[in-house]
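Here are my notes on this model, in numbered points. Please read them with the structure open.

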Amino acid sequence: MEYLVLGTAGHIDHGKTSLVKSLTGTDTDRLKEEKERGITIDLGFAYMPLPSGTVLSIIDVPGHEKFVRNMVAGAAGIDMVLLVIAADDGVMPQTREHLEICSLLGIRHGLVAVTKADMVDDEWLKATIEEINGFLKGGLLEGAPVVPVSSVTGKGIQELITNIDSIAKSIKERKSGEVLRLPVDRSFTIKGFGTVVTGTLVSGKVRVGDEVELLPKNVKTRVRGIQIHGRQAEEGVSGSRVAINLQGIERDTVKRGDTVTSPGSLKTRMTVEAEISILPTTPRPLKNEAERMLHIYSASSMSTITLLNSKEIRPGESGFARIGLREPIVAVHGDMFVLRSPDAGTIGGGVILDADPPRRSRKETMEDLKILSSGDMKGKVLLYIRRGGVNAVTLSDLSVKFNTNPKAIEPSISELISSKIILKIDGEVISAEAINALKNSLMELIGSFHKKEPMKAGLLTEEARTRLRISQKVMDAVVDSLSKDRQIVAEKDTLRLASHKASGGEKKERIEKIYIEAGLTPPTLTELLEKLKIMEREALDLLNLLSKEGRLVKIKEFFFSKDSIEGLTATIRAFFAKKSDLTPPDFKEMTGLSRKFAIPLLEYLDSQKITIRVGDVRKLRKG
């Protein structure tokens with residue numbers, strides 16, 4: 001089933017709530033004060049199945065200028081606007097401001113209902129409609145249907161429904177990301193169930209049983225139940241109005257402006273960068289470092305606006321800005337927002353370009369924002385991949401950054417890979433610049449190690465990865481590339497430059513000679529140190545180097561010459577040419593070795609798959 005959201009807009013006492021009741025049968029004024037005063041104070045909700053099968057969620061907003069903050073919370077995330085203008089009043093201040101807000105929020109579909117048509121004569125009605133058409137000229141509702149209606153007589157109601165349905169059918173599927181995002185516009189408690197939050201699901205899906213996170217408080221909970229238009233549901237999808245019963249959450253924990261999301265997927269922000277547009281009707285320019293109230297979805301925060309490419313933004317003009325927020329908000333690239341002033345009302349709005357701006361120069365900031373304000377997805381994607389530096393990013397990471405479906409990014413990724421501007425590493429992507437820089441850094445790291453430790457075979461791979469601060473995937477890619485270019489050699493757990501040959505000089509040759517002469521009864525480390533008069537670390541380095549070169553064989557805590565081990569292997573094979581079983585006494589008699597050396601050597605022969613132990617004897621392995 002397809003869901004769309006319609007929001008009302010218009011001046012106070014122009015009949016928005018009465019019209020919604022005529023369309024749906026629901027009185028959206030639910031507060032006692034609203035009933036007593038006869039005006040809408042907070043958001044009201046209703047729904048209406050359309051003839052085409054689409055289910056329309058309706059958000060009824062207050063028209064009084066004191067409650068514009070509530071109006072903005074309701075208007076954010078709607079698919080179409082129903083602008084309500086009373087026939088006897090015509091265009092009024094909140095008519096203008098509400099329509100400006102809808103325009104700033106990027107709403108592009110809607111129509112006009114001329115209410116109270118039964119209270120004026122035909123000539124007056126005709127004049128009002130002419131006024132309305134003139135008012136709409138050049139705006140988002142220019143050319144939209146203007147339908148006279150009466151909530152008392154029912155005049156025009158069916159025609160209005162037909163026009164709403166026609167617009168609904170023309171609205172393409174909403175573009176949204178896969179990450180769950182529900183800006184909370186209402187919260188309450190139901191006895192026996194606990195805390196319930198409502199809102200328009202602007203992206204992703206939510207299912208009963210899902211673990212969710214409440215931002216900005218970073219509280220994790222589970223979805224106990226879901227209702228859509230008063231009916232129990234197992235799942236809520238993007239574009240639908242949902243009520244979610246949250247498990248174990250106190251009513252005071254959640255409020256309007258909070259966001260329900262998947263754990264760890266979205267973050268709160270205290271600083272964002274944006275492109276700001278000031279309305280032509282605003283009485284004065286927006287000055288640098290001005291303080292204004294920022295409204296984004298159901299959240300709001302006082303903010304300080306630092307202009308980046310001018311000292312002021314004049315009415316009707318736009319500019320880039322860094323916005324510091326007093327309260328944390330949830331924001332991603334592409335989010336629309338509204339700016340309001342205490343004395344001038346709505347002054348403008350804009351679009352979030354960078355929800356997580358790094359520290360950089362003003363010049364670099366301007367370059368980034370020009371890319372992010374363009375329609376070039378390839379440029380945007382490359383910007384964030386480069387910003388990741390040596391850390392590869394996933395397609396999922398990028399789709400969250402741009403609040404879009406991963407499929408929308410895939411063509412840009414493919415083109416960048418084909419151009420060899422970025423590289424793909426096991427499902428992740430990284431810039432070619434970063435890989436080249438890492439290759440140079442690794443070469444320098446290994447070279448420095450060789451100078452410091454000339455007797456060692458090479459730098460431990462894990463030590464190099466830790467010092468470069470990169471993931472195992474990226475390390476493997478860098479090592480593989482340098483190995484293919486024959487610049488480095490990867491041996492077991494070490495890395496060395498291809499031109500490097502570890503050398504211990506005369507001491508290394510003396511050690512090898514000692515072990516060749518010792519045969520199968522090599523000296524202990526202590527005995528070796530006494531013979532050579534060298535430090536323990538130097539001796540161990542030389543022994544390990546000889547072992548890596550294959551000239552010595554390390555078995556347990558002992559080192560044996562290669563020739564001695566090869567000789568022992570030949571002796572063992574000759575023994576098995578005459579007998580089928582080798583016992584420990586046989587081995588001792590054959591080699592003349594004590595238990596100290598015999599047991600490690602027998603276990604070594606087993607490990608090399610020359611012999612196999614069967615009970616108390618050993619047999620020659622077949623093959």
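**Notes on the model**

1. Three strands make an open, antiparallel sheet in the order β28-β30-β29. Its edge strands are β28 and β29 (488–491), each of which pairs on one side only. Strands pair here if DSSP finds at least two bridges between them. β29 and β30 run antiparallel and are joined by four bridges. Val 489 stands opposite Arg 496 in β30. Helices (H or I, at least four residues) and strands (E, at least two) are DSSP runs, numbered from the N terminus.

2. A word on the source. This is a predicted model, where local features need pLDDT of at least 70, side-chain atom pairs count only at pLDDT 80 or more, and totals for chains, interfaces and linings use all residues. Residues are numbered from 1 along each chain as its sequence is written, and side-chain values use heavy atoms, with hydrogens and water left out.

3. His 450 deserves a look. This residue is found in helix α11. His 450 counts as buried, at 7% relative accessibility. Buried means under 20% relative accessible area, exposed over 50%, and partly exposed in between (1.4 Å probe, protein chains only). A polar atom of the His 450 side chain lies 3.1 Å from the backbone nitrogen of Leu 497. Leaving aside neighbours within four places in sequence, His 450 is in contact with residues including Gly 458, Leu 495, Arg 496 and His 500. Contact means heavy atoms within 4.5 Å.

4. Which residues of helix α12 (residues 461–468) are buried? They are Thr 461, Ala 464, Arg 465 and Leu 468. These residues sit on the same side of α12, because they cover an arc of only 100° around the axis. The arc is taken from the directions from the helix axis to the C-beta atoms. An α-helix has 3.6 residues a turn, so residues three or four places apart point the same way. Cover for the buried residues of α12 includes α11 (432–452), β28 (459–460), α13 (472–484) and β30 (494–497). Just after α12, Arg 469 takes a positive phi of about 60°.

5. Now strand β5 (residues 110–115). Six of its six residues are buried. Gly 110, Val 112 and Val 114 lie on one side, with Leu 111, Ala 113 and Thr 115 on the other. Both faces are covered. In a regular strand the side chains alternate between the two faces of the sheet.

6. What pairs with β5? Strand β4 (residues 80–86) does, in the parallel sense, over six bridges. Leu 82 stands opposite Leu 111 in β5. Strand β6 (residues 146–148) also runs parallel to β5, joined by three bridges. Val 147 in β6 is the bridge partner of Ala 113. From β5 the chain crosses through helix α5 (residues 122–136) to β6, in a right-handed β-α-β crossover. β4, helix α4 (residues 93–104) and β5 also make a right-handed β-α-β unit. Right-handed means that, with the strands pointing away from the viewer, the path from the first strand over the helix to the second runs clockwise.

7. Last, the aromatics. Rings of Phe, Tyr and Trp (its six-membered ring) pair if their centres lie within 6.5 Å; planes under 30 degrees apart count as stacked, over 60 as edge-to-face and the rest as tilted. The count comes to four aromatic pairs. Phe 558 and Phe 597 form a tilted pair, 5.1 Å centre to centre with 55° between the planes. Phe 558 is in strand β32 (residues 558–561) and Phe 597 in helix α19 (residues 595–607), 39 residues apart. Ring pairs link Phe 558, Phe 560 and Phe 597 into a cluster.

How values were computed: Polar contact = N/O pair within 3.5 Å; in protein donor to acceptor, adjacent residues only side chain to side chain.
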